[in-house]
Amino acid sequence: MKTDLFFYTGTGNSLWTARTLADELGGARIYPISRTGSDPVRSGAEAVGIIFPVHIWGLPRKVIAFINALAVDPDRYYFAIAVNAGQVAATLLQMRKLMNDKGLLLSAGFELAMPSNYIPWGGPGPEAKRRQQISAAREKIGRIAVMVARREQRPVEKGPLWQNVLFSWLNKLSFPYVPAMDKSFWVDEKCNTCNICTNICPCGNIKMKTDRPAWLHHCEQCLACIQWCPQEAIQFGKKTPNYERYHHPDVKLKDILAFTATNGIEKSGGE
Ligand code: SF4
Ligand code: SF4
């Protein structure tokens with residue numbers, strides 16, 4: 001009854017979700033999508049979970065590449081968890097269609113609300129609210145684990161119709177422009193050239209040029225660079241100097257770097 005969980009993460013919400021679910025399932029292997037997305041994905045597991053953040057009300061490019069690389073195996077139980085800041089919209093419908101087109105069935109799709117890491121639109125909100133969101137997410141992951149263990153077939157979760165129509169349209173419009181959105185990043189005088197940003201980017205989109213990081217315009221807007229910079233020296237547009245940084249409280253910088261810098265594989269529990 002093996003389960004493999006593939007996660008894509010910037011600031012740890014999806015990594016934490018994968019770890020928590022692996023524990024709830026009594027053990028599952030977790031793999032970073034950022035290391036596997038461009039190669040054919042082979043898993044001998046009976047069930048495969050895909051855990052990812054919703055980006056601009058849709059699938060991140062890396063997740064699309066991951067799905068496109070999946071070996072066709074209609075008998076495997078596939079499920080997904082779309083981590084979002086309160087609006088999953090039609091993301092899981094988009095995923096189900098993408099998988100259908102490949103001859104794969106998305107048997108269940110769950111949305112999971114977590115604190116927002118999208119700092120261009122503001123900070124993560126009051127700490128008490130964040131704690132509440134994470135606690136509610138933990139409870140929901142427990143329920144998801146039960147459904148996954150039973151291999152339940154369920155309709156994918158989605159937002160209200162107006163949200164699905166409007167935000168899917170906005171996603172389609174903005175998607176081609178995401179890679180160059182890194183033009184709004186800049187670095188202030190606090191940078192000490194520690195190179196954490198260049199190492200943490202899941203897309204290899206940051207290079208150190210002379211004594212400052214430079215963005216290469218194949219950005220995914222995961223926000224890992226700005227959120228993990230230990231000096232808070234990375235800014236996006238004009239407002240971020242005043243916004244609080246966020247990463248999942250139970251995920252540390254070394255956890256993210258372990259999956260970015262090496263082909264990390266983690267096994268939790270006894271499966
Ligand atoms: S992580 Fe921050 S301090 Fe380190 S090199 Fe990047 S911008 Fe500079
Ligand atoms: S440049 Fe920053 S926001 Fe863009 S993909 Fe890399 S870490 Fe994420």
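Is Q221 buried or exposed? With a relative accessible area of 3%, Q221 is buried, where buried means under 20% relative accessible area, exposed over 50%, and partly exposed in between (1.4 Å probe, protein chains only). This is a predicted model, in which local features need pLDDT of at least 70 and side-chain atom pairs count only at pLDDT 80 or more, while totals for chains, interfaces and linings use all residues. Residues are numbered from 1 along each chain as its sequence is written, chains are lettered from A and ligands numbered from 1 in the order in which they are written, and side-chain values use heavy atoms, with hydrogens and water left out.

First, the overall picture. The chain holds nine helices and 10 strands; helices (H or I, at least four residues) and strands (E, at least two) are DSSP runs, numbered from the N terminus. A compact globule of 271 residues would have a radius of gyration near 18 Å, and the chain, at 18 Å, agrees with that. That radius is taken over C-alpha atoms, and the globule rule is 2.2 Å times the number of residues to the power 0.38. Along the principal axes, the C-alpha atoms fill a box of roughly 55 × 40 × 40 Å. Of the 271 residues, 54% count as buried. Take the contacts (heavy atoms within 4.5 Å) between residues at least 6 apart in sequence: 80% of them join residues at least 24 apart.

Helix 3 (residues 61-69) has V63, I64, F66, I67 and A69 as its buried residues. These pack against strand 1 (3-7), helix 2 (33-36), strand 3 (47-53) and helix 4 (91-101).

Now for the ligands. Ligand 1 is surrounded by 13 residues, with C191, N192, C194, C197 and C229 the closest; a residue counts as near if one of its heavy atoms lies within 4 Å. That shell divides into nine nonpolar, four polar and no charged residues. Here Ala, Val, Leu, Ile, Met, Phe, Trp, Tyr, Cys and Pro count as nonpolar, Asp, Glu, Lys and Arg as charged, and the others, Gly among them, as polar. Around ligand 2 there are 14 residues, and the closest are C201, C219, C222, L223 and C225. By class, the shell of ligand 2 has 11 nonpolar, two polar and one charged residues.

Two of the residues closest to ligand 2, C222 and L223, also turn up among the contacts of N117. N117 sits in the loop between strand 5 (106-113) and helix 5 (127-149), and counts as buried because its relative accessibility is 18%. Neighbours within four places in sequence aside, N117 touches T11, C222, L223, Q227 and Y246. With T11 there is also a side-chain polar contact of 2.7 Å, that is, a pair of N or O atoms within 3.5 Å; within protein, one must be able to donate a hydrogen and the other to accept it, and residues adjacent in sequence count only if both atoms are side-chain atoms.

Back to the backbone. Q221, in the loop between strand 8 and helix 8 (224-228), has a positive phi of about 60° although it is not a glycine. T210 is likewise a non-glycine residue with a positive phi, of about 45°, but T210 is exposed, with a relative accessible area of 80%. T210 lies in the loop between strand 7 (206-209) and strand 8 (212-215), in a hairpin with two residues between the strands. The two strands pair in the antiparallel sense over four bridges, pairing being counted if DSSP finds at least two bridges between them. In strand 8, P213 is the bridge partner of M208.
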